[in-house]
Amino acid sequence: PAPGLLTIHEETHIYINLNETFPCVRLLNATHQIGCQSSLSGDVGVLHLLESEENLDWVLRTGPNPPYMVILESTLFTRPILMKLKNGSSRVAGVLAVQPTSNPPEGFSPHTSCPNENTGVYSETYGPSYAHCNVTMWNPLGTGISYEEFDFPIFSVKDDNDTEVIRRCYMEHNRAVNGSTPQYPLCAMQLMSHMAAVTDTATCMRRNAPTFSLAPDGVCDPLGDANIWASTKPLNSSTKGHKDGVSVLDSRSFFFDVAPGADSAATGLVALLAAASALHNATAELNRTILYTFFNGETFDYIGSSRMVYDMAKNDFTVDLDNIHSILEVGQVALGPDSRLWLHSDPVSKRNSSVNVEVQTLVSNLQAAAAGLNLSLGEPNVTQPLPPSSFQRFLLERPIPGVVIENHQTSFTNKYYQSMFDNAEYLKLNYPPNLTPEEQLELVTDSAKVATTVARGLYLQAGGELAQMSRIQADSELVSKMLYTFLVRVNNSWFDQLVKSDWTGNRPTNFYIGVTGQYFSEPALMVQCILANLTGSIANITEGNCQDKKMDKDENMNKDRDSFCVRSLVRQSKALSPAFELSEYTSKNYSTWAESRWSAIKGRIFLVASHDLEMLTLGVGVGVLLMSLLLTYIVSSKADILFSSGREPTNATY
């Protein structure tokens with residue numbers, strides 16, 4: 001090997017571990033499994049850097065040293081190439097995808113082209129002509145690779161020092177020069193991501209049962225977390241006419257724990273949080289209560305909203321469905337150059353004249369709310385269904401008036417829907433390079449128009465006076481700080497004043513929901529704390545009394561800064577699919593998504609000798625062993641003869 005690589009090789013004792021990798025993991029639902037996995041001890045293959053799609057022939061047919069661990073640059077991480085690798089998996093040990101330093105301009109979405117296709121309101125019995133995205137293909141760039149199954153590991157790695165070491169190892173040992181065959185030793189990689197669960201959710205949940213499971217900790221866990229909600233006034237079951245402001249808390253991508261969710265989650269929840277803050281001092285004059293609701297797990301067949309609707313229908317929630325007057329859902333609301341948003345409503349429920357009147361009233365209130373803000377609100381000029389939205393799960397129970405605010409008239413304008421590229425860069429959330437993190441936090445952008453519109457629309461819908469509406473104004477500085485916190489850097493001075501910082505980091509928020517019963521997801525905890533501070537009031541009581549009154553008795557107060565107690569109406573509710581409450585693991589009505597468990601996730605590179613040399617080394621070793629055994633036997637059996645001359649006579653005296 002080259003001197004440089006030999007030095008690295010010796011310093012790391014044969015293996016070079018990959019420091020920061022993101023695996024594709026296995027998920028399961030009622031019918032099948034998706035994702036990736038390795039064998040129990042990890043999969044090993046000779047590194048091959050795929051330089052073009054034509055170069056696939058080396059991996060799939062002509063390369064002399066299979067199986068191969070394929071390195072894919074971002075431009076080649078496409079469905080056609082991945083499916084070819086999948087179909088030739090006997091020669092493929094795994095895939096390492098290199099994250100680019102900037103978003104691909106052509107767009108990339110590993111999600112399906114028709115998100116949550118089978119769990120929304122549209123079906124053969126409700127608006128059949130709108131079912132299965134027959135009218136509007138919401139995510140036309142969706143490749144669906146997030147919902148494919150691969151029987152080899154796929155990892156993502158950042159384009160940094162690790163990637164340079166891998167490339168150098170490949171170039172110095174594995175690259176064929178002028179058509180020649182690379183000579184041993186070759187650079188190889190091991191990826192380990194063995195998944196415990198197989199087949200489907202019903203199978204893994206059955207294997208979780210104590211009477212069946214050989215693994216004491218089980219093999220899978222249901223996806224789930226907590227919904228966060230708050231009301232502008234204390235509630236009781238008899239209060240009528242609530243206005244529900246809704247947003248989502250989660251997102252995902254192809255790789256585990258990489259879910260930036262900038263437009264698919266963050267823009268909507270930031271707008272609703274800022275709207276709640278703007279309305280905080282105006283709620284006393286409203287004759288109707290506003291509910292702020294943040295649903296978790298909506299990416300996976302509407303986990304959070306389906307659970308809340310289920311609880312409302314059973315009267316197991318503070319508010320029942322009869323008390324919901326109307327719903328305003330804030331979806332993907334990142335503004336384009338035209339500063340235009342679209343108000344989507346359900347064409348089926350509007351066939352009911354009373355529902356149609358309420359929807360038009362809500363539309364009118366929102367358009368009045370946007371007046372003077374340099375923001376245009378319109379309705380789609382074609383008859384089409386609702387886009388994927390939590391509101392659909394309410395319509396499954398009854399025809400509630402509602403509107404979904406989005407930045408697209410038909411198909412998504414988000415070119416990176418549910419991908420690692422749905423990030424701050426996509427929102428053009430750019431900061432001058434000479435600014436420190438704290439200076440970036442304090443940089444105010446013109447991003448409060450949507451939040452102001454949502455706040456004023458809810459104000460009018462809840463009975464506020466049009467003449468007083470102009471007083472309702474979202475705080476641009478607050479919006480900028482929340483966007484920075486969710487999309488750039490969780491650990492900052494503003495957020496540290498609200499939450500103890502021992503679980504935060506110098507990175508964007510991860511919007512993946514996670515599994516139930518383990519811990520609350522980052523966005524749920526963050527939204528709960530932010531919403532409580534924006535809508536609550538500081539209580540003048542001691543720290544001990546504050547701790548006694550807290551619902552979460554295990555949460556500790558941050559001792560490194562001045563503490564204060566906040567009294568608010570913010571609550572958590574379960575975001576666990578009713579399918580797991582009912583043990584209906586093959587349900588077609590509710591989400592059945594579960595995540596496999598695993599023991600270790602890691603990757604490393606090293607040099608391997610040829611198979612012939614390995615066999616020769618093994619043969620020589622076995623031969624030496626046999627010769628040693630034979631020699632030991634001979635010496636042992638002839639010990640009396642070999643060592644008799646040196647013995648003393650038995651009658652010797654001194």
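Tutor: Start with strands: two strands pair if DSSP finds at least two bridges between them. This is a predicted model. Here, β3 (residues 27-28) and β4 (residues 33-36) pair in the antiparallel sense over two bridges.

Student: Which residue in β4 is the bridge partner of Leu-28?

Tutor: Gln-33 is the bridge partner of Leu-28.

Student: What is the strand order in the open sheet of five strands?

Tutor: Read the order as β8-β4-β3-β22-β11, with mixed pairing. The edge strands, β8 and β11 (220-222), each pair on one side only. Helix α5 (residues 201-208) lies across β3, β11 and β22. Its direction is about 110 degrees to β11.

Student: Now rings. How is a pair of aromatic rings described?

Tutor: By the distance of the centres and the angle of the planes. This structure holds 26 aromatic pairs. One of them is Tyr-147 with Trp-593, 5.9 Å centre to centre. Their planes are 65 degrees apart, and over 60 counts as edge-to-face.

Student: Why does this pair tie together parts that are 446 residues apart in sequence?

Tutor: Because Tyr-147 lies in the loop between β7 (92-99) and β8 (149-150), while Trp-593 lies in the loop between α16 (578-581) and β22 (594-596).

Student: Is Trp-593 buried or exposed?

Tutor: Trp-593 is buried, with a relative accessible area of 4%.

Student: What sits over the ring of Tyr-147?

Tutor: The charged end of Arg-252, 5.2 Å from the ring centre. Likewise, Arg-604 lies over the face of Tyr-15, at 3.8 Å from the ring centre.

Conventions
Residues numbered from 1 in each chain as written. Predicted model: local features only at pLDDT ≥ 70, side-chain atom pairs only at ≥ 80, totals over all residues. Heavy atoms only, no water. Phe/Tyr/Trp six-rings, centres within 6.5 Å; stacked < 30°, edge-to-face > 60°. Helix = DSSP H or I, 4+ residues; strand = E, 2+ residues; numbered from the N terminus. Buried < 20%, exposed > 50% of the residue type's maximum accessible area, 1.4 Å probe, protein only. Lys NZ or Arg CZ within 6 Å of the ring centre and 35° of its normal. Contact = heavy atoms within 4.5 Å. Axes fitted to C-alpha atoms, helices over the stretch in contact; angles between N-to-C directions.
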